[in-house]
Amino acid sequence: MHSNTDITGRLLICCPDRPGIVAGVSQFLYAQGANILDASQHSTDPWEGLFFMRMVFHLQNTAMSPEQLEAGFREKVAQPRQMEWRIDYTDRRKRMAIMVSKYDHCMMDLLWRWRSGELNVEIPLIISNHKDLQKLAAGFDIPFHYLPVDALNKAQQEQQAIALLQQQQTDFIVLARYMQILSPGFVKEFPGRIINIHHSFLPAFAGARPYLNAYTRGVKLIGATAHYVTDDLDEGPIIEQDVARVSHKHAVDDLVMLGRDIERQVLTRAVKAHVEDRVIIHGNKTIVF
């Protein structure tokens with residue numbers, strides 16, 4: 001028997017655009033006794049004809065379980081309208097793993113925000129191919145797994161990492177400047193659940209050494225991009241970006257220093273958007289509410 005509890009859910013929807021979608025969803029939730037706290041929607045152009053929505057709702061003191069709610073929604077609302085959808089619940093913190101190499105700035109920013117309560121996640125583990133940041137991780141009391149990678153053991157170490165991530169029931173992974181290219185096999189295990197920070201305003205300067213390339217090219221803006229990881233290097237759906245103005249007076253080291261500040265901010269905003277269920281992936285693009 002399910003005891004009465006409060007449920008706060010975040011509903012994400014993608015479906016063919018047609019009249020009555022918002023009404024159908026709202027009426028279903030109203031019939032369950034739910035109060036709608038927030039609603040955002042977006043329709044693509046008529047040629048593509050798609051509708052996206054994020055709705056936050058609250059059920060107070062209900063005897064209904066999330067499973068019952070979802071079964072009813074599937075049958076009465078989602079199936080007739082050919083919806084891709086999911087509901088996440090605010091009472092369950094997402095489990096976020098961090099993968100990092102030697103640079104500490106992105107990892108430390110995430111850990112500081114997590115410890116201060118700004119980032120509402122659990123962090124069950126940190127995986128690194130270097131030992132450099134082990135002491136920092138220990139300072140936050142988070143298990144640190146050192147998995148050195150070379151050309152010979154890469155596949156084996158990836159399998160070890162996948163096993164650790166699955167064992168810890170990881171919801172998503174943040175590559176906080178993890179300087180290894182993940183294999184298609186790894187990416188396939190966590191589709192739409194790996195967030196990378198790239199130290200460039202993509203699609204400019206993909207790949208390695210973007211700050212040097214930006215300096216050599218004499219650009220007037222440098223930036224950072226947080227995106228979901230796909231099999232195409234640095235070409236996955238973009239979640240968040242930002243830039244800073246630079247000039248001929250800035251040396252490469254200046255660009256790196258400025259860039260690291262942008263990387264921290266961009267990565268944090270992207271992780272927050274993911275944690276708060278504000279991102280819908282559509283093809284190689286995102287809708288971020």
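Predicted model: local features only at pLDDT ≥ 70, side-chain atom pairs only at ≥ 80, totals over all residues.
I started with helix 7 (residues 210–217) and helix 8 (residues 252–275), whose axes come within 9 Å and cross at roughly 125 degrees. That angle makes helix 7 oblique to helix 8. I also looked up the hand of the crossing, and for helix 7 and helix 8 it is right-handed. On the helix 7 side I listed Tyr211, Leu212 and Tyr215 as making the contact. From helix 8 the partners are Val252, Leu255, Val256, Gly259, Arg260 and Glu263. Sorted by class, the contact of helix 7 with helix 8 comes out as six nonpolar, one polar and two charged residues.

Next, cysteines. How many disulfides does the count come to? I got zero. Cys14 has 10% relative accessibility and so counts as buried. Cys106, at 1%, counts as buried too. The cut-off I used for buried is under 20% relative accessible area.

Then I went through backbone angles. Asn61 has a positive phi of about 50 degrees, although it is not a glycine. I placed Asn61 in strand 3, which covers residues 50–62. Arg177 is another non-glycine with a positive phi, here about 65 degrees. Where does Arg177 sit? I found Arg177 in the loop between strand 9 (172–175) and helix 6 (184–189). Is Arg177 buried or exposed? Its relative accessibility is 5%, so I put Arg177 down as buried.

Last entry: Glu240. I located this residue in strand 12, residues 238–245. At 22% relative accessibility, Glu240 counts as partly exposed. I then looked at what Glu240 touches, leaving aside its neighbours within four places in sequence. The contacts of Glu240 are Ala224, Thr225, Ala226, Val266, Arg269 and Ala270. I also took one C-alpha separation: Glu240 and His227 are 13 residues apart along the chain, and their C-alpha atoms are separated by 7.0 Å.

Technical notes: Residues numbered from 1 in each chain as written. Heavy atoms only, no water. Disulfide = S-S within 2.5 Å. Buried < 20%, exposed > 50% of the residue type's maximum accessible area, 1.4 Å probe, protein only. Axes fitted to C-alpha atoms, helices over the stretch in contact; angles between N-to-C directions. Helix = DSSP H or I, 4+ residues; strand = E, 2+ residues; numbered from the N terminus. Parallel < 35°, antiparallel > 145°, perpendicular 65-115°, else oblique. Left-handed = near helix turned anticlockwise from the far one by under 90°. Contact = heavy atoms within 4.5 Å. Nonpolar A, V, L, I, M, F, W, Y, C, P; charged D, E, K, R; others polar.
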